[in-house]
Amino acid sequence: MRENNQTRKILLLCANPRGSSLLRLDEEMREIKEGLKRAKKREQYSISVAEAVRYRDIHRSILEYEPQIIHFCGHGFGEDGLAFEDESGQIKLVDADACSGLFQLFREQVECVVLNACYSQFQAVEISRYIDYVVGMSDLPTLTFGTV
């Protein structure tokens, strides 16, 4: 467990493989960073970003940045998995078992995983076997508009 004065590290993992619908990952990263700047205890957190992440890059990124919180931005395809790009530039789907196996290795370090990807509840459920706090999506995101 961390000490009270230790900075919590957030790692943003972004993947938008070629051939998948275009995501505005830069905008999502900006919103997260801006939100943290407005937070009362912002000095207790730091953010690192790993872009164009392939599945094998996740392990390396966790080792390099040593985050307690991981926020994945990308595509999800339900039980078929989360979408990454492989070494040849093709879409590689990574299923819930593979995701949970990866996070099992880091269960003493990672406290929270956010999967901002459509239909990522399958991966979230499996990851929650090893990580205490996991957020996944059961559907497509819903946009609502209103006036202030």
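**Around helix α2**

User: Which residue follows α2 with a positive phi?
Analyst: This is a predicted model, where local features need pLDDT of at least 70 and side-chain atom pairs count only at pLDDT 80 or more, while totals for chains, interfaces and linings use all residues. Residues are numbered from 1 along each chain as its sequence is written, and side-chain values use heavy atoms, with hydrogens and water left out. Helices (H or I, at least four residues) and strands (E, at least two) are DSSP runs, numbered from the N terminus. Phi is positive, near 50 degrees, at the residue that comes after α2, and that's Glu66.

User: Which residues of α2 are buried?
Analyst: Buried means under 20% relative accessible area, exposed over 50% and partly exposed in between (1.4 Å probe, protein chains only). Helix α2 spans residues 55-65, and its buried ones are Asp57, Ile58, Ser61 and Ile62.

User: Why do they sit on the same side of α2?
Analyst: An α-helix has 3.6 residues a turn, so residues three or four places apart point the same way. The buried residues of α2 are Asp57, Ile58, Ser61 and Ile62. They're on the same side because the arc they cover around the axis (taken from the directions from the axis to the C-beta atoms) is only 135 degrees.

User: Which exposed residues are on the face turned away from the buried side of α2?
Analyst: The buried side packs against β1 (8-14), β2, β3 (69-73), β4 (82-85) and α3 (96-104). The face turned away from it carries the exposed pair Leu63 and Glu64.

User: Are α2 and α3 roughly parallel or roughly antiparallel?
Analyst: Axes are lines fitted to C-alpha atoms, for helices over the stretch in contact, and angles run from 0 to 180 degrees between N-to-C directions. The α2 and α3 axes are 11 Å apart, at an angle of about 15 degrees. Under 35 degrees counts as roughly parallel, over 145 as roughly antiparallel, 65 to 115 as roughly perpendicular and the rest as oblique. The pair is therefore roughly parallel.

User: Which residues of α3 make the contact with α2?
Analyst: Contact means heavy atoms within 4.5 Å. From α2 come Tyr55, Ile58, His59 and Ile62, and they meet α3's Ala98, Cys99, Leu102 and Phe103.

User: How far apart are the C-alpha atoms of Ser48 and Lys9?
Analyst: Ser48 lies in strand β2 (residues 45-50) and is partly exposed because its relative accessible area is 22%. Beyond neighbours within four places in sequence, Ser48 touches Ile10, Leu11, Leu12 and Tyr65. Ser48 and Lys9 are 39 residues apart along the chain, and their C-alpha separation is 7.5 Å.
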